[in-house]
Amino acid sequence: MEADKQRLQLERKVGLIGAISFIAGTMIGSGIFMSPQYALSSIGSPGASLVIWVCCGLIAVLGGLCYAELGTVIPESGAEYIYMLRTAGKVVAFMFLTSFNSVLRPASTTGIALSFAEYVVALFYDGCPPPQLVVKCVAAGGIMGVAIINCMSIRLATDIQVVSTVVKVLALVVIVLGSVVVFVQGNNQKLDYSFEGTNVGVSSIVIAFYQCLWSYDGWNTLNFLTEELKHPEVNLPRAVVIAISLVTGLYLLVNVSYLSVMTPKELMSSSAVAVTWGNKVLGSWGWIMSVAAALSAFGSLNGTFFSGGRVCFVAAREGHMPDILAMAHVHRLTPSPALIFTTVISLLVLIPGDFQSIVNLFSFTAWFFYAITLSGLIYLKIKKPELPRPYSVPIILPIVVVIAAIFLVLAPIVDSPQIEYLYVTLFIISGVIIYIPFIHYKLCPGLLTKLTLFLQLFLEVAPAEKNL
């Protein structure tokens with residue numbers, strides 16, 4: 001009888017240090033080591049590039065603060081999915097869910113895994129481009145390795161995140177200090193912050209924003225795992241401010257360091273800008289930057305995986321996905337079925353993927369849903385001011401971020417229409433076609449029952465309740 005009364009829940013094991021590490025560790029990944037050259041080539045000038053990096057940092061801070069309020073008003077894991085479910089309704093939430101599972105999270109995971117693989121294989125293919133098959137095999141190995149870690153233990157995944165965050169912050173500090181040493185020795189490139197050659201086309205500006213915002217992706221990581229965060233009403237806003245401010249400052253200093261060592265032309269032609277910087281500044285020790293960048297990407301991959309599996313878990317708990325995905329391991333208390341599902345989808349997306357197209361596809365789709373999510377916060381502030389708010393932001397902040405999100409979504413379509421944007425939009429809307437028969441009318445309700453029972457026994461999992 002006593003065993004029947006016990007509830008299976010995900011445990012609150014993530015404290016403030018872990019929370020900061022999950023945000024900063026997920027943000028500092030592949031982006032700052034690969035995106036600067038793409039952003040510079042899109043916008044055309046070093047001065048405009050630095051302005052874009054500052055603006056993106058500001059957007060990330062404002063977005064993070066708005067999400068901190070959402071996380072305390074709606075103290076459930078799942079981030080955008082659960083917020084849309086509580087504000088915009090089931091259909092919109094399900095549209096996000098289908099896009100998240102098939103585009104957003106696999107694209108993010110695959111992009112980071114590819115950059116991780118690029119830096120790993122760079123150690124063995126000095127001076128020549130590595131075969132794509134080798135890169136993708138290493139990327140697949142990285143994805144599966146992170147999946148195993150997250151299925152084994154929340155504590156282990158958190159510890160790896162803390163350690164990798166320390167490593168990647170140290171790597172960025174080395175880049176910053178390295179340029180200072182070079183500057184003192186007088187071997188530096190003449191710093192050029194001019195705006196000459198800036199591409200003022202709307203499409204070029206938005207693509208530069210996409211590339212920089214990819215480096216800031218992860219500012220909403222904690223909202224995916226609110227139910228596993230200790231004292232979220234306090235730790236959520238604190239972690240957001242500390243982590244995003246730290247990352248923004250480091251990103252600006254690192255970009256200045258790149259420009260002090262390399263010419264804009266050298267930077268834009270580099271396939272792995274951190275390695276190029278390492279070869280110029282560290283000489284025979286340049287391989288250290290490949291190792292540091294690979295570890296950084298691995299930590300970001302771990303954080304992305306940790307948070308991404310929680311969306312499937314929460315959606316299944318709400319009846320929008322198969323029941324098996326709402327279960328947790330009876331001993332390890334990890335949402336292993338949801339993590340396994342995320343792994344399979346990510347490996348499928350990895351097959352045809354390439355880094356730059358993945359970033360653009362991810363950014364367009366992500367900011368579409370950020371706009372809807374933050375519109376929900378504005379709705380709650382106006383229509384439901386009586387809700388308890390342990391943390392609150394002025395209403396002007398979500399309005400500003402919504403305007404920025406709308407610009408990022410609509411500007412490339414208006415300025416330079418491409419058929420890919422239409423495909424993505426149609427794909428997002430197609431979620432309604434799936435929702436009506438299978439969720440609303442519950443067609444084939446018993447179709448997965450036998451499979452669910454088999455997987456439940458095989459994976460040693462059981463339904464988990466909310467941890468509020």
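Are Tyr-67 and Tyr-370 buried or exposed? Select both: Tyr-67 is buried, and Tyr-370 is too (buried means under 20% relative accessible area, exposed over 50%, partly exposed in between, with a 1.4 Å probe and protein chains only).

Before moving on, note that this is a predicted model, where local features need pLDDT of at least 70, side-chain atom pairs count only at pLDDT 80 or more, and totals for chains, interfaces and linings use all residues. Residues are numbered from 1 along each chain as its sequence is written, and side-chain values use heavy atoms, with hydrogens and water left out.

**Stop 1: the rings**

Searching the whole structure turns up 16 aromatic pairs. To pair, rings of Phe, Tyr and Trp (its six-membered ring) need centres within 6.5 Å; planes under 30 degrees apart are stacked, over 60 edge-to-face, and the rest tilted. Keep your two tyrosines selected: the ring centres of Tyr-67 and Tyr-370 are 6.3 Å apart with planes at 90 degrees, so this pair is edge-to-face. It ties together distant parts of the chain, with Tyr-67 in helix α4 (residues 46–73) and Tyr-370 in helix α15 (residues 355–383), 303 residues apart. (Helices, H or I with at least four residues, and strands, E with at least two, are DSSP runs numbered from the N terminus.)

Next, pick Tyr-216 and Tyr-251. Theirs is another edge-to-face pair, 5.0 Å centre to centre with 65 degrees between the planes. Tyr-216 sits in helix α9 (residues 202–216) and Tyr-251 in helix α10 (residues 232–261), 35 residues apart. Both Tyr-216 and Tyr-251 are buried.

**Stop 2: two positive phis**

Jump to His-231, in the loop between α9 and α10. It isn't a glycine, yet its phi is positive, about 45 degrees. His-231 is exposed, at 55% relative accessible area.

Then try Glu-460, in the loop between α19 (449–459) and β2 (461–463). Here phi is near 55 degrees, again positive in a residue other than glycine. With 42% relative accessibility, Glu-460 is partly exposed.

**Stop 3: a nonpolar patch**

The biggest contributor is helix α16 (residues 396–415), which gives four residues. Zoom in on Val-400, in helix α16: it is partly exposed, at 37% relative accessibility.
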